[in-house]
Amino acid sequence: MIINIIISTAAALVFSPLLIGIINKTKAFFSGRRGSPFFQMYFDLYRLLKKDAVRSGTTTIVFILAPVIVFCCTLAAAVLIPISPGTGIISFTGDFVLLFYLLGLARFFLIISALDTGSSFEGMGASREAFFSAMAEPVVFISILTILRLNGTTSFTDALGGGGAGNWIIISLATVPFFIVMLAENARIPFDDPNTHLELTMIHEVMILDNSGRGLALMEWAASIKLWLFSLIIVRIILPGSVLSFLLTFVIAVIIGIVESVIARTTLLKIPQLLFSAGIIAFLGFFLSFSKIFVWS
Amino acid sequence: MLYPIFIYLASLVLTGALSAAFYRNHRFSKYFAAVSNAILSLIMLVFLINRFDSFHDEVFKTIWSLPMAEFHVGVDFLSLFFMIPLLILAAACSIYGSEYFKEHRSGRFHWFFYGLLVAGMMMVLISRNVVLFMISWEIMSFSSFLLVISEAQKESVRRAGWIYFVTAHVGTAFLLTAFFLLGSGAGSFNFELFGLVPFEVAKSNLIFIFALAGFGFKAGFIPFHVWLPLAHPAAPSHVSGLMSGIMIKMGIYGILRVLMFFTSYQTWWGILLVIIGASSGIIGILFAVGQHDIKRLLAYCSVENIGIILIGLGLGVLGRAWDYPLVSMFGFTGALLHIVNHALFKGLLFLGAGSVIRQTGTGEIDSLGGLFKKMPMTGSLFLAGSIAVSGLPFFNGFISELFIYAGAITGAVASAGSIMPMVCALAVMALALTGGLAAAGFTKLFGIVFQGNSRKTDISSAVDVPSMMKLGMIFLSVFLVFIGMMSFLVIPFIEKPMLLLSGEAASPFIYQLSDIGEKVSILLVALLILMIIIFTVGKIFRRKTVTDVETWGCGYTKPASSMQYTSSSYAEPITSQFGLVLAARKELQSDNEIFPVKPWSFRSSVEDWFLSRVFIWFVKLIDRILSLLRWFQCGRAGVYVLYIGCIIIILFIWKFVL
């Protein structure tokens, strides 16, 4: 059990910055650049961890504590996702609620640390983050219910680590909304632009505008771990039986890179509609899971 | 258990009366009443928790001279369970109130009514006869009404009190109908006889609807919530804490008590409860996000939390109607635990809001800011309450929501039919959406009020609250953390009242509750240790140079506090996207010049159309119908004598001729 905990957290810590590197490399390939090296984010984190901090005089203890809390909660969520079959560590009815509410706690502190600076830009980012994540949560949960129904279990960890097969139509109807939500929750195009923090796109990047040094390193690392968690969930949903399926997260990263290269960012007003349609797809999947024609496994 | 309760009730009323009688030294008398109230409640609480394990149902009966009435009281696990949050909150709010209400001039009877309110709620919990129950119910409603209008010199307070009074009694009318239906079947007004003769389906449906509406006016779920957002801001904060924390739960208690009279539940009750709960949760929190007044926001948030409780109850009823003990167990457990949890964190939040209002003189979110530095203790406790109310881990709100989720997930995965999984999926979606929106609402509340810089109000002289007020809040927050981190220690208190509701079929699965609690606790404790380690490591290897600068304004060098995000702007995406429900009104005052001469102003407000359209319309409709009967009351004495004569003749005919 201890070994499993170490494996899942270590994998999250070690592999997650690589995902960002792969996404950026893919985007560079599509725009005809050479791009930054795959391991750029490791260098960035190392550099930031060494650096001094600059802190706004408006901020309080919340701002100092927030990076630690955000980082730890995101890392703890990794414990609930088995990396290969049979390595689930804690499983109980409704464990995915704990998983997503730990991410929710991280988000709560991210938002209030942004509001702590009293900056209108960061307030704007915080407001959007709060709203979009509230819209995204029901979509994720319905997708997960579909997966649970296919596996006939009430524990998400068991479903991901169990290796049960399901119908590919329903699985894809559960995965597509999950992928859309992953883009939304991790501030990727078409929801947000991870490269800028300008008014039109300011969601995630603008919230950490005043963080620096170690605080920024922890925030960035936490963001990449979150991306790792979501892609790991998707991979485990699609290929629950395979031991090395976590390597496919890098394929997910390539797909994200492709999506970011070929799709433009939507206007902010359309984001709720996008999330809503993801919810419709998720609900369709849930609905089809009742049908005896589709579930033959 | 009953005799200590009688002593407790008597001493509550007595200390209140003493403080009113010896009002000459008004500071002392108020202090005396509040502190003795707190001490009495604490003693009662310790006694109750001590006896909880060895407790057996107790009944006490004696003949009473009122018609149809019998002085019939009793305690079972359900009433005992509701007493725990009641006593905790009564103690905390009176400790807090002893300081908070000290300076208030007119308030001779304040602590008398406060004691009466607590006593009334205790009486509601132990009454086992309809007449006694209704008397206790009215004591509770009336004393809380008198507490709400503590500052009756204000117009808004009088209006709030009036609407509260009206709604409370519309509710009573529904309740009486429900009780008459129950009593007519059993041939008695004693609760113990209600369940003995099984009701026909049609009649039990009717009873359920009337009871739901009647208790709904007290519990304050949509569409019966109209009085909450008015009465809570109007009342003094420790009273709103008590009312929002536990008095509205008496409505839930009533629903549970009525449910226990039935041997079998109808499916559609459960579905109705889930739907009301879901809409109450979502609409309540949407209204909360749009508010600009701290206490009004908290009041709408109570509507949301009552919705969450109802979702749990609905799942419990569904589980029992469909013979799914696991769903029923999780649903009822979650609902019961959320009743306690909401009492604790909402009490804490109202006390925190009271501290803010007392120290700054305003409860308007948009004019506040930066209070965390001035009031670190209040700020930290308010933060704890905000995390708890958003249902996030480490605090108690998470555990109860997790159980309700667990019930809904079990139901959604169950392979029986398609209605149950659908309803359960609806519950999951509603819980997820309310959770997310609650986080949005409370990051707004905490972020705008306590962080950044003050927007309009001058807070340079604001200081943290006196220690008695801190004590009241700390007392509540200890429970927040305790239940959040060590839930498996609390679950034994819920098992027995839960079994009363879900039936014995659930008892083989009961180990799952503490199992979940333990697993969550292990993970959270490990996570807490990890946080502490990382933070200490960061402290040890700290760089010496942390430079203090201004907030980075993207190159703008003269930021003013009015440039910060406000509560309106923070909530704008939500209020505009959910415009269908919220009907937000925006007012822009500008002088239409290219170069503005006068300062422009913008404000947005969210109007409660349930009150302005539905409820007022309903009351006017009733008024119009009843005005048809107005000729009856002509005001001439002779005609009234004629009425009496006619009635006597009719009675004669009825008795002797027919």
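**Notes on the two-chain model**

1. Let me begin with helix H25 of chain B: the number of buried residues among its 21 is zero, so H25(B) lies largely in the open. Here a residue is buried if 20 or more other C-beta atoms lie within 10 Å of its own, exposed if 12 or fewer, and partly exposed in between, with C-beta atoms placed from the backbone. H25(B) covers residues 637–657 and reaches 30 Å from its first C-alpha to its last, close to the 30 Å expected at 1.5 Å a residue. That expected span is 1.5 Å times one less than the number of residues in the helix. Helices (H or I, at least four residues) and strands (E, at least two) are DSSP runs, numbered from the N terminus.

2. A word on what you are looking at. This is a predicted model, in which local features need pLDDT of at least 70 and side-chain atom pairs count only at pLDDT 80 or more, while totals for chains, interfaces and linings use all residues. Residues are numbered from 1 along each chain as its sequence is written, and chains are lettered from A and ligands numbered from 1 in the order in which they are written. The model scores ipTM 0.95 and pTM 0.94. Chain B averages a pLDDT (the predictor's confidence in each residue, from 0 to 100) of 89, and 99% of its residues score at least 70.

3. Next, the build of chain B. Its secondary structure comes to 25 helices and five strands, and 54% of its 658 residues are buried. The C-alpha atoms fill a box of roughly 100 × 65 × 55 Å along the principal axes. The radius of gyration of chain B is 26 Å, which agrees with the value near 26 Å for a compact globule of 658 residues. This radius is taken over C-alpha atoms, and the globule rule is 2.2 Å times the number of residues to the power 0.38.

4. Chain A has 11 helices and one strand. Reading from the N terminus, its elements run α-α-β-α-α-α-α-α-α-α-α-α. Of the 297 residues in chain A, 63% are buried. Its C-alpha atoms fill a box of roughly 60 × 45 × 40 Å along the principal axes. A compact globule of 297 residues would have a radius of gyration near 19 Å, and the 19 Å of chain A agrees.

5. Do look at the strands where the chains meet. S1(A) pairs with strand S3 (residues 546–549) of chain B in the parallel sense over four bridges, pairing being called if DSSP finds at least two bridges between two strands. A:Arg55 stands opposite B:Asp548 in S3(B).

6. A:Cys73 is in helix H3 of chain A. This cysteine is buried, with 27 other C-beta atoms within 10 Å. Leaving out residues up to four places away in sequence, A:Cys73 touches A:Leu102, A:Leu103, A:Leu105, A:Ala106 and B:Leu527.

7. S4(B) pairs with strand S5 (residues 601–606) in the antiparallel sense over six bridges, and B:Arg585 stands opposite B:Ser605 in S5(B). In helix H11 (residues 249–259) of chain B, by contrast, 11 of the 11 residues are buried, so H11(B) is largely enclosed by the rest of the structure.

Key
Two residues are in contact if their C-beta atoms, placed from the backbone, lie within 7 Å.
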